[in-house]
Amino acid sequence: MAKEKKENNHLVFGGVDMVELVESYGTPLYVTDENKLRENFGSYKSAFEQAGTNVDIYYAVKANGNLAILRILASEGAGADVFSAGELHLTKFAGIPAEKILFNGNSKSEEDLREAVESDVRVSVDSLDELRTLSAVANELGKEVEIAIRVNPDVLPEVNPKIATGLKESKFGIPFYEVISACEEAKKLDNISLTGIHCHIGSQILDVSVFREATEKMMDLVERLHGKGIALEFVDLGGGLGIRYRKEEKEIAPTPRDLAEAILPVFEKKMKELGINLKLILEPGRSIVGATTILLSRVNAVKLSPYMACGVVVQSPTAYKNFVAIDAGFNLLLRPVMYDAYHEVVVANKVNEQVSELYTVVGPVCEAGDIIAKDRMLPEVKRGDLVAILDAGAYGFSMSSQYNGRPRCAEVLVCDGKVDLIRSRESVEDLIRNQEIPARLM
Ligand code: LLP
């Protein structure tokens, strides 16, 4: 089928013709390939398990919290990193066992902490304030809660500053120099059982050497705690492995195996020196779901620069641009606007056509910044064409909004030619839901 459709000029994804798919489901539409998802998770498991490491993969739910995706990952043995009571609820609903859930967050309310304790999940404690409140909450509920201390390791990855999370000036975690005393305090607190330390240094990291640096710092803490008679059960090194968004250029993304090769020697060596055995926890989000999903969007209008309309290509920063206006904007995929992120774009009904024109692909939102893809060479685009935005599975739908009165789009799962709806398209009813007009205004 795939071959036949390629000859048809149509993009095939998960064994399904994308042009035919949108005839049934409409646009915009997120499409996730189940096989790719299972493969990505499997490549983590095999990279670390083959090395003989005692590892658990806690998928970072914030990247994509769709229940079908969580259910698939649960069936593959994933645990979960959750960052709110809502994400905790989703993971429990999807069948991820409580003993494989870590409740993260730098600003947890008392209700959040209560929810975590009642759900019997571990909590990554981000501050001394939280540590003391958690102890009081657990006390009140008559339960013991297992915790990790979230460490701010002060490691600088080369990524967009908005997604670097382990720098001195980052809001996350307890400063490196205070971690030992925080652990000592945790040991003394009622109903608290300190079992691990946790860090997460950032996202879309393409150079694995920073993971090694973070591992060295974390294992240094393990050693110092060991020296004080504080034994841990696990070290959680967070997520952050980048993926290859730029296909044409020479961007190279590391694999889970590269990550394993960078961190395991440090991890194993220190355990051997100390004669201890720890579980390693990782929290990948993007590298599990990013490349599994595309966002399909219809072209509503094409605007050609005056030169272009005369058949002359002018590539100057001061010339009017050629715009392709599609029906998905930063309401559905915020990354290009928020992080200057690059997503490959293809014309899904013209995949075999030569690229010939330079276009800027923009969304329908009433903001000049609503640009999905800047200055891209594409085949000649017409109103009604179908654009596919690639690698949209991580922080795509999960960061979407209803801005400009736009109901959120549907999501489908494809697998070997089969299609399942995994989230219905919202309607205008969803814009009105939960709003009230006070009676005196009626
Ligand atoms: N663990 C913790 C504690 C995290 O804060 C994050 C992501 C992860 C794991 C997963 O990181 P990943 O493997 O996905 O890089 N919205 C941004 C990314 C924000 C990441 C926030 N934390 C983006 O679209 O690039």
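The model is predicted, so local features need pLDDT of at least 70 and side-chain atom pairs count only at pLDDT 80 or more, while totals for chains, interfaces and linings use all residues. Residues are numbered from 1 along each chain as its sequence is written, and side-chain values use heavy atoms, with hydrogens and water left out.

Start with empty space. Rolling a probe the size of a water molecule over the atoms shows where such space is left. The search runs on a 1 Å grid over the protein atoms alone. A pocket is an open set of points with protein on both sides within 12 Å along at least five of seven lines. A cavity is a set of points where a 1.4 Å probe fits but cannot get out. Lining residues have an atom within 4 Å of a point. Points are joined across faces, edges and corners, and a volume is the space filled by probe spheres set on them.

The largest pocket has a volume of about 630 Å³. It is lined by 30 residues, and K62, I163, T165, H200 and Y395 are the closest to its centre. Which helix gives the largest share of this lining? Helix α13 (residues 335-339) does, with three residues. Helices (H or I, at least four residues) and strands (E, at least two) are DSSP runs, numbered from the N terminus. By class, the pocket lining has ten nonpolar, twelve polar and eight charged residues. Here Ala, Val, Leu, Ile, Met, Phe, Trp, Tyr, Cys and Pro count as nonpolar, Asp, Glu, Lys and Arg as charged, and the others, Gly among them, as polar.

The structure holds one cavity of 30 Å³ or more. About 80 Å³ of space lies in the largest cavity. Its lining has 13 residues, with F211, G238, G239, L259 and L282 nearest the centre. Two elements, α9 (209-227) and α10 (256-274), each give two or more residues to this lining. The largest share, three residues, comes from α9. Nine of the lining residues are nonpolar, four are polar and none is charged.

Next comes the surface. I437, L441 and M442 form a nonpolar patch there, with about 380 Å² of accessible area together. Such areas come from the Shrake-Rupley method with a 1.4 Å probe, and for residues only the protein chains shown count as cover. Patches take residues with over 30% relative accessible area and no salt bridge; like charges are joined within 9 Å, and nonpolar side chains (Val, Leu, Ile, Met, Phe, Trp, Tyr) within 5 Å. M442 lies in the segment after α14 (428-432). M442 counts as exposed because its relative accessibility is 74%. The cut-offs are under 20% for buried, over 50% for exposed, and partly exposed in between (1.4 Å probe, protein chains only).

Last come the charges. Side chains of opposite charge can pair when their charged atoms come close. A salt bridge needs a side-chain nitrogen of Lys or Arg within 4 Å of a carboxyl oxygen of Asp or Glu. The whole structure has 25 of them. One joins K36 to D33, with the closest N and O atoms 3.7 Å apart. K36 is partly exposed at 31%, whereas D33 is buried at 6%. Another joins D154 and K168 at 3.0 Å, N to O. D154 is partly exposed at 28%, and K168 is exposed at 66%.
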